[in-house]
Amino acid sequence: MPPLATMDPHSPTKVVFEVLTVLAAGLVSGAVCKRFGISMLVGYLLSGAALGLVFSHLVYQRTHELEYLAEVGVLLMLFAIGIEFSLAELVQLSRPFFVGGLSQMALVAAPVAIVGVAAGLTWQAALLVGMATAFSSTVLVFKALEEWGQTATSHGRRAMAILLFQDVSIVPLVLLMPLLTGHPQASGIKAIATLAIKGIGFLGAIPLGRQLVIRYAAPWLSQTRSVELLVLFSVVVLGSAALIADRLGLPPMVGAFGAGLMLNGNRLTRQINSVLLPFRETFAAVFFVSLGTLIRFDALLAIPALCASVLVATVALKAAAATAALRLTGLGWRGAFATGVGLAQIGEFAFILLLAGQSQSVLPPNVYNLMIFVAVITLTITPQFLNVGLRLAQRYAVVEHELAIRPISDPERMRRAMIVGIGPVGAQIASQLEIEGYDVCLVDLSPVNLHRFAQQGFRTVVGDGAEPAVLARADAEHSSLITVAVPDDASALRIVSAIRQINSTATVLVRCRFQLNAARLRSAGSTDVFSEEREVASRISKWLAEVIRWSEPR
C-alpha cells in the first residue's frame, strides 16, 4: 500500500482518512475545551490550525470531498436557524429585535468597513469584514443566560432579540454574497434585481410547502411512528430545497434556511430538530476544523502589535455598540453595559462570510488570518466578561413575564416557586404551578431539558441543585414552594440539605424512589415526601380492590 502522502487525493482511502483525522481532532479538542469551560468552536479552529501545521500534506491541500462535507455543515446550521425560528417570539420581541438588532449590526459594521477601506481593502472586502465582525455567538450567550437563570430578565430577553436578528440577517447576506464576492454574474443593477426577485419568490413559496407538511406529511409520519422515515424525510426536504435554490441561481444556504422554515411549526418539529442534531454537530465540526486549517500562525507572529491592537479595538467596539443598542431598546445604562460586554465576541456565522470571501479571493490571506485570530481570542475571553456582567446585571434585573401566560401582572407580588429536576414529573409540576400563578424557576443539570422551558418564558438555571451558587442564581432564598423531583434519593438528600441552609421557611416537597429513604429525607428538612414505591403500591391496591369488588357475585 503506498504512503498516504503519495496517494491520489481523490482516493477513497485518503478521503476517509482525512475525514477521520478531522473528526478525531474535533473530538479531542472538544473534550479539552469542555473540561476547561471554553467554547468548543475555539477548540475546533485551533485543532484545525494544528493539523494545517503538522499534517499539511494530509489536510492543508484539502480534497473537494472534504470541502463538500464542510459545506453540508453550513447547510445544517442554516437549517437549524429556520426550524428554530419562532414568529410568535419575534412579535413579542419586535422592538428589541428590529431596533436593537439593526442598530447593533450597523454600529459595528459601518466603522469596521470604513477603517477597512482606509486601510486599502476593496469596498467588498471591507463590507464583508464589517458584517462578519458584527455577528456574536448565539450559542455562547444563550448558554450563559441559561446557567445564570436570566433568560426571562429584561436584559436577557433583549440580548436574545439582538442575537435572533443577527441569525436571521445571515440569510439576506448570503443572498448578497455573489455581489460581495465579486461574482461576474452578480454585477449590475439588473443582475442584483433578478437575484432579489428570485430570493423573494423562493422564500415566498415556503408558506405553501409548510402547509403541505402540516396537513399531509406530519400526520402521515406521526402514524408511521418511524424515526428512520422521519430522518429520511427531513434530509430529502433539506436537500431538495438546497438543490432548487442552487438551480435558481441562489446560494444553497438560502434553500437550507427555507427547508427549516418549511418544517417549522408542526407536531414533529422538535423531533426533527433532535434527530438531525447529531448530523449537524458532526458536519459542523468538519466545517470549523477544516476552516482552521487555513490559519497561518507564522504570518500572525510577524505582526503581534497589529493583532493585539485589532483585538482590543474589536472588543471595545462590539461592547460599545451592544451597550448602545440595548439602551435604545429601553434598558438602563448599567444593565445595557453589563450585558453588552457579553456580546463582544465574533460569532460562528461570521466564519461563513469569511470563508466565502477567502475562497473567492476577495479577502487577502493576511486579513483572513487576522480575523480568524481575533474571532478565536474573543470567543475565548468574552465568556469571562459575560459572567461578570451577568453577575452585575442580576442585582437590578427585573423579570419580565408575558401577560398571555402569566395570570398575575405584578412580578413583585407573585408567589415564587422552584423545581429541581425537569423530567416528566418536574415538567408536569411546572405547568401546574404556572397555571396557579406562581413565578417558577427551573433547575436542571441538562441545558437540553431546560431549553424549551426557557423559550416559553420560564426562568431556568443550569447546574447542580445542591450547590449554593446555583441555588443563589435560582433565588431559592425567596421561594415559598420548592419541589425536588430528581430521580435519585442520594441527590435529593443533598439538595434538601442545601436548600434548608439558605431557606428554613419554604415548603419543600420531595420525590423519593424508595420508601426506605423517606425518613432520611424528612429528617433533612422535607415538608412532605412522595415515595414512588408507596404511590405505586397504593394505586395497584386500589385497582385490585375495584377488580375484586366488581368480580364478586351479586
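Predicted model: local features only at pLDDT ≥ 70, side-chain atom pairs only at ≥ 80, totals over all residues.
**Strands**

Strand 1 (residues 415-420) runs parallel to strand 2 (residues 438-444), and six bridges join the two. Within this pairing, V420 has V443 of strand 2 as its bridge partner. Helix 21 (residues 424-435) belongs with strands 1 and 2 to a β-α-β unit, which is right-handed. Strand 1 is also joined to strand 4 (residues 481-484) by four bridges, again in parallel. Here I419 stands opposite T483 of strand 4.

**Aromatic pairs**

Five aromatic pairs are found in a search of the whole structure. Two of them are listed below.

| Pair | Centre to centre | Angle between planes | Arrangement |
|---|---|---|---|
| F287 and F288 | 4.9 Å | 70° | edge-to-face |
| F453 and F458 | 5.8 Å | 80° | edge-to-face |

The planes of F287 and F288 are at 70°, so this pair is edge-to-face, the class for angles over 60 degrees. F287 and F288 are both buried. F453 is buried, with a relative accessible area of 3%, and F458 counts as buried at 2% relative accessibility. Elsewhere, F97, F98 and F165 are linked into a cluster by ring pairs.

**Surface patch**

Key. Residues numbered from 1 in each chain as written. Heavy atoms only, no water. Pairing = 2+ DSSP bridges. Right-handed = clockwise from strand over helix to strand, strands pointing away. Phe/Tyr/Trp six-rings, centres within 6.5 Å; stacked < 30°, edge-to-face > 60°. Buried < 20%, exposed > 50% of the residue type's maximum accessible area, 1.4 Å probe, protein only.
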